[in-house]
Amino acid sequence: MSVLDAFSDFQKVVNADADAVAEARRRRDIFRGAFGAEDDVVEVIPSGSLARGTQKDPIHDVDLVIVYNAEDHPDWGTRGESARDALDYVRGRVNALLGATNGSVDQVVRLARWRNHAVKCFLDDPDDQSAFTVDAMPALRRGDHLLIPEVLSEDWVECDPESLIASVAEKHSEWNKYAGAVRMLKRWAADQDFKIKSLVMEVLALQHLPTNLNQPAALKQFFVAATYAIEGGEIVTDPAGYCGPIQDDLDYEAFAERLRDARDNASRATQASINSDTSGALWQWGQVFGAEFPHDPDPINKPAPAAAPEPRKVKDTPQG
């Protein structure tokens with residue numbers, strides 16, 4: 001198996017099943033249809049990784065932004081109770097439109113709870129650890145960006161999820177394996193023994209993942225550049241410039257260490273490929289991405305092949 005073939009096979013492991021993606025979109029679109037018909041709604045915008053095409057397996061939730069007409073909600077957008085009021089309003093409309101017992105459009109939502117910015121709507125059993133949810137976030141349009149409620153600060157904050165969607169789409173138009181490579185990086189982050197948000201990897205990829213190389217070369221270059229950036233004190237922040245750091249509790253020291261390890265193994269893999277040592281390259285990439293990356297047993301420490309048996313001695317015997 002070549003290195004490129006191994007990456008192609010690993011991509012299938014990382015990608016969500018096509019049926020699961022279709023089902024996630026179907027469930028999201030139930031909300032889009034229901035809220036899009038509301039008189040006070042200006043637009044419903046798909047957001048999150050599914051909208052960007054960078055979702056990895058498994059898909060547990062989808063996100064959408066419900067942009068309301070400010071004239072219909074004049075108290076929204078101001079500091080104080082209006083952030084909580086907006087989320088309560090959306091929660092009530094979710095129940096009226098899509099509640100499991102009395103929804104007027106569909107009966108799909110078992111439970112709706114508001115969080116800091118959005119209403120989390122459970123379409124599966126809320127007690128199920130992998131229950132599928134739709135996160136519906138109210139917003140007001142402010143020029144080229146949005147204003148969204150933030151309960152913890154009792155205020156409304158600026159954000160621009162559409163700019164990230166556009167940036168990722170542009171990268172993918174430059175290189176059709178970009179989104180797939182981002183999914184691999186998210187899988188790498190998920191395999192670490194501390195929390196690294198998927199969005200951290202996505203923003204780092206936007207900054208440091210080249211689009212003019214094949215996947216092995218691009219990912220190796222990403223780990224080199226990302227390690228340099230994080231070791232140098234870079235904090236991963238909202239690329240639109242509104243929301244500040246993406247993960248306040250990220251252990252940057254541990255993050256830099258893991259990136260260094262991945263960089264070193266990716267560099268060894270690249271050198272092995274240059275030396276025509278495909279088995280060694282696959283092994284090193286396996287050290288980056290884990291056991292599910294196709295690779296041979298350790299090419300350095302694997303048992304030596306068994307010695308060939310000695311040929312049978314032929315005795316000179318008389319004929320007859």
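**The cavity and its surroundings**

Modeller: By class, 2 nonpolar, 1 polar and 3 charged residues line the largest cavity (Ala, Val, Leu, Ile, Met, Phe, Trp, Tyr, Cys and Pro count as nonpolar, Asp, Glu, Lys and Arg as charged, the others, Gly among them, as polar). The model is a predicted one, in which local features need pLDDT of at least 70, side-chain atom pairs count only at pLDDT 80 or more, and totals for chains, interfaces and linings use all residues. Residues are numbered from 1 along each chain as its sequence is written, and side-chain values use heavy atoms, with hydrogens and water left out.

Biologist: Which residues line the largest cavity?

Modeller: A lining residue has an atom within 4 Å of a cavity point, on a 1 Å grid over the protein atoms alone where a 1.4 Å probe fits but cannot get out. The lining consists of Gly80, Glu81, Ala83, Arg84, Val151 and Glu154.

Biologist: At roughly what angle do the axes of helix α7 and α8 cross?

Modeller: The axes are lines fitted to C-alpha atoms over the stretch in contact, and angles run from 0 to 180 degrees between N-to-C directions. Helix α7 (residues 198-208) and α8 have axes that come within 10 Å and cross at roughly 105°. α7 is therefore roughly perpendicular to α8 (65 to 115 degrees). The residues of their contact (heavy atoms within 4.5 Å) divide into 8 nonpolar, 2 polar and no charged, and the crossing angle is roughly 105°.

Biologist: What is the average pLDDT of the protein?

Modeller: pLDDT is the predictor's confidence in each residue, from 0 to 100. Of the residues, 92% score at least 70, and the average is 90.

Definitions and conventions: On a 1 Å grid over the protein atoms alone, a cavity is a set of points where a 1.4 Å probe fits but cannot get out, and a pocket is an open set with protein on both sides within 12 Å along at least five of seven lines; lining residues have an atom within 4 Å of a point. Helices (H or I, at least four residues) and strands (E, at least two) are DSSP runs, numbered from the N terminus. Angles under 35 degrees count as roughly parallel, over 145 as roughly antiparallel, 65 to 115 as roughly perpendicular and the rest as oblique.
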